[in-house]
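Thanks for sending this one over. Here are my notes, point by point, to read alongside the model.

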Amino acid sequence: MSTKHTIERLGHRGDGIAMGPVFAPGTLPGEEITGTLTGDRLSDIKIVTPSADRVRPPCPHFKACGGCSLQHASDEFLAKWKAQTVRDALSPHGLDAPIRHTITSPARSRRRATLSGRRTKKGALVGLHARASGAIVEIPECQLLHPDLIAIIPALQALTITGASRKGEVSFALTRSDAGVDVAVTDAKPLDGELRVKLAAFANRYDLARLSWGDELIAECRAPAQTIGVAKVSPPAGAFLQATEQGQNALVAAVKEAMGSAKSIVDLFAGCGTFALPLSQNSEIHAVEDDADMLAALDAGWRHAQGLKKITCETRDLFRRPLLAAELKKVDAVVIDPPRAGAEAQISELAKGSTTIAMVSCNPTTFARDAHILCNADYTIQWIDIIDQFRWSPHVELVALLSKK
């Protein structure tokens with residue numbers, strides 16, 4: 001039975017929410033809709049009164065593919081909604097801060113993605129999963145991923161036919177590099193001598209920069225380098241990298257502004273040097289990260305670059321062994337870019353000092369929790385910039401400057 005509802009707001013996953021609460025994917029605040037209610041979710045949704053913020057989705061795969069959930073909303077609406085998401089996370093802690101602007105990466109700019117492949121009777125199917133489903137949707141006209149990633153789908157289909165089990169699903173972690181596409185394959189057949197030979201031939205035939213199979217390197221035709229500042233860095237296979245080049249540039253610009261004229265900086269959760277390398281043009285950096293391979297890539301990039309100040313690297317689990325307040329007294333400023341879980345233990349040590357802090361976060365909820373710890377220790381959030389690398393998704397990323405009162 002169809003029922004009528006008015007959407008009041010968007011939830012943190014991007015679904016419209018009506019009184020109840022009732023969840024309605026693909027809807028916007030203010031819209032009157034009808035649909036079939038099962039539990040607390042609507043299906044067979046029809047828009048009776050559309051929002052002025054509703055737009056035609058630019059991608060023909062939008063209805064079937066689960067890669068994007070908010071293509072039906074205007075860019076202006078999404079920018080305001082993501083800013084409000086940050087305010088809503090801060091509010092329960094009694095916090096507020098000026099949000100200066102939202103910088104959104106352009107369409108077809110995602111340089112990092114994970115696609116899935118499955119063998120079929122006629123060949124192979126490669127793409128993204130459908131919404132809330134294990135079905136794979138082909139995405140030849142995807143408006144999210146960089147065209148270089150779409151261009152190698154035929155290679156991934158060939159790899160699926162060769163390397164996937166008959167009933168299993170294989171995963172391809174793709175990263176666009178300066179030298180071509182870096183492909184890291186997981187959940188595939190175990191390697192043997194014959195398969196190694198075939199895979200090496202595939203890497204050359206399809207001009208892949210690098211091909212990895214599980215934990216093993218199959219072929220590196222060219223070093224899959226990324227440009228970070230003035231350095232060239234070749235991250236380990238499947239390593240974390242900012243989702244878009246434009247997003248990385250915006251994050252670095254905001255962090256540089258926050259660091260000002262600091263002469264010595266600690267970069268916590270440094271990864272492959274997203275911030276350490278650009279900042280080392282003017283400052284000495286101590287980079288801390290628990291992944292030794294990523295730190296090795298950072299160090300190699302620094303050593304081969306010209307004109308950079310000293311970078312020291314330390315492999316350390318900052319969740320179990322955060323840098324102590326006494327250690328942090330030696331530096332002028334700190335950059336911290338933790339995973340979604342935040343960094344409560346490390347933040348508690350930072351709260352004991354009076355260092356300028358640039359906090360980078362991909363989770364407004366844990367950012368607000370950690371910022372609250374600092375603000376209780378007389379820090380102030382000077383400003384927040386929202387860097388939207390995950391266009392058409394509910395994902396929110398930000399940079400904040402915090403300093404002592």
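1. A word before we start: this is a predicted model, so please read the points below as a description of that prediction.

2. Let's begin with the sheet. Eight strands form an open sheet in the order E6-E21-E22-E20-E19-E16-E17-E18, and their pairing is mixed. E6 and strand E18 (311-315) are the edge strands, each pairing on one side only. From one strand to the next, the twist averages 15 degrees.

3. Strand E17 (residues 284-289) pairs with E18 in the parallel sense, over five bridges.

4. Helix H1 (residues 75-90) lies across E6, strand E21 (379-388) and strand E22 (398-404), and runs at about 150 degrees to E21.

5. H1 also meets another helix. Its axis and that of helix H10 (residues 364-375) come within 8 Å and cross at roughly 40 degrees. That angle falls between 35 and 65 degrees, so H1 counts as oblique to H10. H1 passes H10 in a right-handed crossing. Thr-85, Val-86, Ala-89 and Leu-90 of H1 make the contact with Pro-364, Thr-365, Phe-367 and Ala-368 of H10. By class, this contact has six nonpolar residues, two polar ones and no charged ones.

6. Now for some backbone details worth checking by eye. Most peptide bonds are trans, and most residues other than glycine have a negative phi. The bond from Gly-20 to Pro-21, however, is cis, with omega near 0 degrees. You will find Pro-21 in the loop between strand E2 (16-18) and strand E3 (22-24).

7. Which phi value does Arg-108 have? It is near 55 degrees, a positive value in a residue other than glycine. Arg-108 sits in the loop between strand E6 (99-104) and strand E7 (112-119). Its relative accessibility is 39%, so Arg-108 counts as partly exposed.

8. Asp-207 is not a glycine either, yet its phi is positive, at about 55 degrees. Asp-207 lies in the loop between helix H4 (193-205) and strand E12 (210-213). With a relative accessible area of 47%, Asp-207 is partly exposed.

Terms used:
Residues are numbered from 1 along each chain as its sequence is written. This is a predicted model: local features need pLDDT of at least 70, side-chain atom pairs count only at pLDDT 80 or more; totals for chains, interfaces and linings use all residues. Side-chain values use heavy atoms; hydrogens and water are left out. Helices (H or I, at least four residues) and strands (E, at least two) are DSSP runs, numbered from the N terminus. Buried means under 20% relative accessible area, exposed over 50%, partly exposed in between (1.4 Å probe, protein chains only). Two strands pair if DSSP finds at least two bridges between them. Axes are lines fitted to C-alpha atoms, for helices over the stretch in contact, and angles run from 0 to 180 degrees between N-to-C directions. Contact means heavy atoms within 4.5 Å. Angles under 35 degrees count as roughly parallel, over 145 as roughly antiparallel, 65 to 115 as roughly perpendicular and the rest as oblique. A crossing is left-handed if the near helix is turned anticlockwise from the far one by less than a right angle, and right-handed if clockwise. Ala, Val, Leu, Ile, Met, Phe, Trp, Tyr, Cys and Pro count as nonpolar, Asp, Glu, Lys and Arg as charged, and the others, Gly among them, as polar.
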